[in-house]
Structures are given as C-alpha cells and as structure tokens.
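The following questions and answers concern one structure, shown here. Please examine it before reading on.

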Amino acid sequence: MFVDTHFHLNMIEETIEKQIQTIKNSIYEGLKTGTNIYTSPDALEQNKDILPELEELGIKIACGWYPEYTPSNEIIEKLEEVIKKYNVFAIGEIGLEYYRMHKPKNEQIELFEMQMELARKLKKPVIIHSRDAFEDTINVLRKYKDVSGIIHCFSGTKEMIKHYLDIGYYISFAGNLTFKNARDLHEAIKYVPIDNIFFETDAPFLAPTPFRGQKNYPHFVKYTYAFAAQLLNVDLNELVFTVKENWERFLNQYSSLK
Ligand SMILES: [Zn+2]
C-alpha cells in the first residue's frame, strides 16, 4: 500500500476515461494514495471532470503555476479561485527551474514568492520544484518559515537536505534514486530521518529501474521504495508503513488549520 506524492495523470493519458483507468489500475497494483499535480489552473480546469472520481478514490489534488509563466496579480487570483473552487489540497509544483530556463531568474523568483504568499494566506502546503537552483530556492523558503511542504524529486547533496530539514520540509525521492549512477543521491538519502521521507514517481517521467526510459505510472513507486529499503537497510514493510504515517501526519497538520 504505497503513497506516491507526485504524479501527473493528465500527462500520462489525454482523456478522462483513460486517466481514471490508469489510477484504478495503479490502485489495483498497490497504490494507496497520493497527489495528482496540475502545473497550471488551466490544466486543472481542462480536467475537472475527473475530480469527483479522484476524491472518491482518496487522491489529493495540487495545483500551481510551474516556473514557466509570467508573474502577475491576475494569474495569482486565478490560482486562488481554482484552489477554493476545486478543493485543491496543496500549491504546487512551484519553484525554480534553472536547467531549462523558460523565464529569467528574477521572474521565476517573483512568481515563486507570490505563490508562497498565497500558500501563507490560504494555509496550504507547498510542493517545491527546484532544479539547479538550490541557493535561490532555500532563500525564498526561508522567507516563509510559517509555510512548509514537500521538496519534490530531490536531487542534491546531504548539505542541501540539512537546510531543507531545518525549515521543516519533507524530502521526496523519485525514480532517479534507483539509477545506478545516482551515487550522490544514494548517499544523501541516508541523512533524511525516516519520518521526513516521501517517495514519488513524477509519472509519466523518470520511471525507476527496471523501467527506466519508459512511460511511468504511479504504482511504479514501489520499485523506488524497494530500492530505498535496501539502501537504508530497513525492512520494506516498515518503510512503507512509516511513509504512510508521514503522509497522514502531513495531511492532518493541514486539515487542522482550517
Ligand atoms: Zn512534476
């Protein structure tokens, strides 16, 4: 019974029917719950017909402006509107993408900060995307110490982990953890207390070994759990149970704020 904190159903399949089929199949294959992420309010609205079904299946929804959009008050108002209208659980993925520079750094930081501001106002957790942008990311997060959430698809060093943990974030590892050459990551995960760990697929991207290079699905998260259990020298069932508890604690932390 695995939790996958990050997948994109609308990028796995185009039609709502196929998306429902996909998530039901993943649940059949052992997925317990997780978060379906929309990278813009428009993407969420285009797929809104799936939301009642996902709610019934216990799947959470996140939505945020991915760091490729131009910051403005209008787009933040739009995000606030869909969050309220569709019972969106978390704001994300938001953050900084310096590997594929869709927008200059200053615009990305501005959009990121506006969404952190919104998270503070609405008392929502955030799901953070940070690629080749650690310094700027941590500087923004430190400005919003009353906001917290998940560092999605962590790839970095143990020093970075320490900084994220200091400000109360959970660290989520994706399928790239299982790649043979990800030695830094294999070392870094050992520095995350088991109570702060999550796993995710980022499906349809980043399929874990043995599916590397293929389309990814939420239930493939089990391969990442299995790999991590070996790496951390813990029992797989214990790891699965602990992450499930982390997830419940994370949800409760935010539902009690309302
Ligand atoms: Zn993603």
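Q: In which helix is the place of Val 82?
A: This is a predicted model, in which local features need pLDDT of at least 70, side-chain atom pairs count only at pLDDT 80 or more, and totals for chains, interfaces and linings use all residues. Residues are numbered from 1 along each chain as its sequence is written. Helices are DSSP runs (H or I, at least four residues) numbered from the N terminus. Val 82 belongs to residues 73-85, which form helix α5.

Q: Is Val 82 buried or exposed?
A: A residue is buried if 20 or more other C-beta atoms, placed from the backbone, lie within 10 Å of its own, exposed if 12 or fewer, and partly exposed in between. Val 82 has 20 other C-beta atoms within 10 Å, so Val 82 is buried.

Q: Which residues is Val 82 in contact with, leaving aside its neighbours within four places in sequence?
A: Contact requires C-beta atoms, placed from the backbone, within 7 Å. Cys 63 touches Val 82 among others, including Tyr 38 and Leu 79. With those neighbours set aside, the residues in contact with Val 82 are Pro 41, Leu 44, Glu 45, Cys 63 and Val 88.

Q: How do the residues of the contact of α10 with α11 divide?
A: Tyr 225, Ala 226, Ala 228 and Ala 229 of α10 meet Leu 236, Leu 239 and Val 240 of α11. Ala, Val, Leu, Ile, Met, Phe, Trp, Tyr, Cys and Pro count as nonpolar, Asp, Glu, Lys and Arg as charged, and the others, Gly among them, as polar. The contact of α10 with α11 therefore has no polar, no charged and 7 nonpolar residues.

How values were computed. Two residues are in contact if their C-beta atoms, placed from the backbone, lie within 7 Å. Helices (H or I, at least four residues) and strands (E, at least two) are DSSP runs, numbered from the N terminus.
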